[in-house]
Amino acid sequence: MGSEMCIRDRYLGLQDSSVEYYEQLVPKRIPEDLQQWLSTSVIKGSIDSAGFIYRGGFSGEDVTRSVQLFLDVADVDLAYSEDWPILTSASGQVLVDNQYVAVNTQKAKVVNEPVEHLSVVWSGDKRKELSVDVKSEFSSNVGLHFLNNTWLRTKVGNTFIHWSSEGNIKVDVNVNVPLLASAQNDGISPKQRVAIDFIDNTIT
């Protein structure tokens with residue numbers, strides 16, 4: 001008798017849970033630096049609903065594996081980088097489809113100002129870069145806060161520390177960040193597109 005291929009499906013669902021229990025859903029095989037980032041960056045939030053599907057084989061034969069994950073989250077506080085302000089009160093969806101990962105928010109705040117649109121997409125190893133899109137209208141003083149209190153300070157120095165401003169700014173930002181070491185060998189470098197419109201500003 002020939003061997004019989006064994007295919008297994010696994011399903012998991014959650015409702016009305018909290019992000020503090022995320023560790024129970026994270027595979028132990030993920031890189032240590034990612035585990036460390038999750039443990040320090042995910043501050044609080046709720047999981048309104050979640051679904052996880054795994055399809056693969058346990059027979060030892062070469063069977064294509066598939067993983068899908070969907071999270072509907074609310075009121076999330078995320079300290080994504082020590083160089084940037086914490087993202088607060090974020091609500092949206094997280095989708096994982098094998099290597100493809102997408103995060104989209106319906107609402108969020110940064111420096112207590114609302115963010116109209118935020119999306120983060122990782123298309124997988126072939127593209128090797130993370131794409132971040134942000135669109136919103138902020139108080140112009142928030143723009144000065146970013147220049148004086150974030151990683152941007154390393155580029156502009158003390159140029160803007162004595163500036164003040166009234167009015168708003170509209171920002172439209174797209175950033176592509178290579179994440180894999182092999183990206184540099186393929187000639188992939190960071191790319192930024194930043195558009196800023198000044199609205200009824202008085203700058204001192």
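Aspartate 16 counts as exposed, with 68% relative accessibility (exposed means over 50% relative accessible area, buried under 20%, and partly exposed in between, using a 1.4 Å probe and protein chains only). Keep in mind that this is a predicted model, where local features need pLDDT of at least 70 and side-chain atom pairs count only at pLDDT 80 or more, while totals for chains, interfaces and linings use all residues. Residues are numbered from 1 along each chain as its sequence is written, and side-chain values use heavy atoms, with hydrogens and water left out.

- Aspartate 16 is part of strand β1, residues 7–18 (strands are DSSP runs of E with at least two residues, helices are runs of H or I with at least four, and both are numbered from the N terminus).
- Its phi is near 50°, which is a positive value in a residue other than glycine.
- Serine 89 also has a phi near 50°, and it isn't a glycine either.
- You'll find serine 89 in strand β4, residues 87–97, where it counts as partly exposed at 30% relative accessibility.

**The nonpolar core**

- In soluble globular proteins, nonpolar side chains tend to be buried together.
- Here, the largest nonpolar core has 18 residues (a core is a set of buried Ala, Val, Leu, Ile, Met, Phe, Trp, Tyr and Cys residues joined through side-chain atoms within 4.5 Å).
- At least two residues of this core come from each of β2 (42–57), β3 (66–78), β4, β5 (100–110), α2 (140–149) and β9 (165–178).
- Ile47, Leu71, Val115 and Phe138 have the most contacts inside the core.
- Setting aside residues up to four places away in sequence, isoleucine 47 touches Gln15, Asp16, Ser17, Ser18, Val19, Leu71, Asp72 and Val73 (contact means heavy atoms within 4.5 Å).

**Aromatic rings**

- Searching the whole structure turns up three aromatic pairs (rings of Phe, Tyr and Trp, the last by its six-membered ring, pair if their centres lie within 6.5 Å; planes under 30 degrees apart are stacked, over 60 edge-to-face, and the rest tilted).
- One of them joins tryptophan 84 and phenylalanine 146 in a tilted pair, 6.1 Å centre to centre with 40° between the planes.
- Tryptophan 84 sits in the loop between β3 and β4 and phenylalanine 146 in helix α2, so this pair ties together parts 62 residues apart in sequence.
- How exposed are these two? Tryptophan 84 is partly exposed at 28%, whereas phenylalanine 146 is buried at 18%.
- Tryptophan 84 also pairs with tryptophan 151: their ring centres are 6.3 Å apart and their planes at 40°, so this pair is tilted.
- That link spans 67 residues, with tryptophan 151 in the loop between α2 and α3 (153–156).
- Tryptophan 151 is partly exposed, with a relative accessible area of 39%.
- Put together, ring pairs link Trp84, Phe146 and Trp151 into a cluster.

**Around asparagine 104**

- Asparagine 104 belongs to strand β5 and is partly exposed at 34% relative accessibility.
- Which residues does it contact, leaving aside neighbours within four places in sequence? They are Ser91, Gly92, Gln93, Leu118 and Ser119.

**Another exposed residue**

- Valine 194 is in strand β10, residues 191–203, and counts as exposed at 54% relative accessibility.
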